[in-house]
Amino acid sequence: MDPPREDTLETIAKIRNGYVSVKMITGDHLNIAKELARQIELGTNIFSNQSLWPASAARDDLILTADGFAQVMPKDKHEVVAVLQKMGYVVGMTGDGVNDAPALAKAQIGIAVEGATDAAQAAADIVLTLPGLSPIFTAIQESRRIFKRLKSYVKIGRASCR
């Protein structure tokens, strides 16, 4: 396993400092996922895909509080996204493979990373063309600026209609 890119460590810290929760959902073995999560300071509260089934209220709470899940299959990724959405969260998902396509399509913000398969790119809303995750943080910042401007505009527009 290659050491994590400094970009990943910094980007995850910035995203979390921006009040966005980050979870790892990977097909990698549980021990590999925990070690990578430790290296990027994500948290090692990571469970195997067996914890995702059967569906229950306790399982849904685990999905919310866990740092991630390992050894997952495409249906597991899709289920995590669906459960978080049912809880009222806006879910963003990154991926690069055919196995990520269902969850990328289900998420409100599907992000295909640089070098992703055609299937992942087709399922995603955003396709990164450079390596690393830092463009995600930039997109969060910019979208918040845009939302703030739109909200301000709507308030001004309402006031002028009275």
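**Burial and packing in a predicted model**

Me: Leaving aside neighbours within four places in sequence, Val81 is in contact with Val91, Met93, Ala103, Lys106 and Ala107. What makes these residues contacts of Val81?
Reply: The criterion is a pair of heavy atoms within 4.5 Å. In this predicted model, Val91, Met93, Ala103, Lys106 and Ala107 are therefore the residues that meet it with Val81, once the sequence neighbours are set aside.

Me: Why is Ala107 called buried?
Reply: Buried requires a relative accessible area under 20%. Ala107 has 5%, so it counts as buried. Its place is in the loop between H5 and strand E5 (109-112).

Me: Which residues is Ala107 in contact with, apart from neighbours within four places in sequence?
Reply: Ala107 is in contact with Val81, Gln85, Val91, Gly92, Met93 and Asp125. As for Val80, Ala107 is 27 residues apart from it in sequence, and the C-alpha to C-alpha separation is 9.9 Å.

Me: What makes a set of residues such as Leu52, Ile63, Phe69, Val80, Val81 and Met93 part of a nonpolar core?
Reply: The members must be buried nonpolar residues joined through side-chain atoms within 4.5 Å. The largest such set has 22 residues, and the six named touch the most other members. At least two residues of this core come from each of helix H3 (57-65), H4, helix H5 (101-106) and helix H6 (118-123). H4 provides the largest share, with four residues. There is also a second, separate core of 17 residues, and among its members are Met24, Ile46, Ile111 and Val113. In general, nonpolar side chains of soluble globular proteins tend to be buried together.

Me: How do you know that the buried residues of H3 line one face of the helix?
Reply: The buried residues of H3 are Arg59, Leu62 and Ile63. Viewed down the axis of H3, these buried residues fall within an arc of 100°, so one face of the helix is lined by them. An α-helix has 3.6 residues a turn, so residues three or four places apart point the same way. The face of H3 turned away from the buried side carries Ala57, Ala58 and Thr65, which are exposed.

Me: What do the buried residues of H3 pack against?
Reply: They pack against strand E2 (46-48), strand E3 (68-70) and H4.

Me: Why is Arg59 called buried?
Reply: The relative accessible area of Arg59 is 6%, and the cut-off for buried is under 20%, so Arg59 is buried. Not counting residues up to four places away in sequence, Arg59 touches Ser51, Leu52, Trp53, Pro54, Glu79 and Val83.

Me: Why is Tyr89 called partly exposed?
Reply: Partly exposed lies between the limits of under 20% for buried and over 50% for exposed. Tyr89 has a relative accessible area of 43%, so it is partly exposed. Tyr89 lies in the loop between helix H4 (74-86) and strand E4 (92-95).

Me: What makes Leu64, Met87 and Tyr89 a nonpolar surface patch?
Reply: Patch residues need over 30% relative accessible area, and nonpolar side chains are joined within 5 Å. At 43%, Tyr89 passes the accessibility limit. With Leu64 and Met87, Tyr89 makes a patch of about 250 Å².

Me: How many residues of the protein chain are there, and what percentage count as buried?
Reply: There are 162 residues, of which 36% count as buried. The protein chain exposes about 9800 Å², with carbon and sulfur atoms supplying 56% of that area.

Terms used:
Residues are numbered from 1 along each chain as its sequence is written. This is a predicted model: local features need pLDDT of at least 70, side-chain atom pairs count only at pLDDT 80 or more; totals for chains, interfaces and linings use all residues. Side-chain values use heavy atoms; hydrogens and water are left out. Patches are made of residues with over 30% relative accessible area and no salt bridge: like charges are joined within 9 Å, nonpolar side chains (Val, Leu, Ile, Met, Phe, Trp, Tyr) within 5 Å. Accessible areas come from the Shrake-Rupley method with a 1.4 Å probe; for residues, only the protein chains shown count as cover. A salt bridge is a side-chain nitrogen of Lys or Arg within 4 Å of a carboxyl oxygen of Asp or Glu. Buried means under 20% relative accessible area, exposed over 50%, partly exposed in between (1.4 Å probe, protein chains only). The arc is that of the directions from the helix axis to the C-beta atoms.
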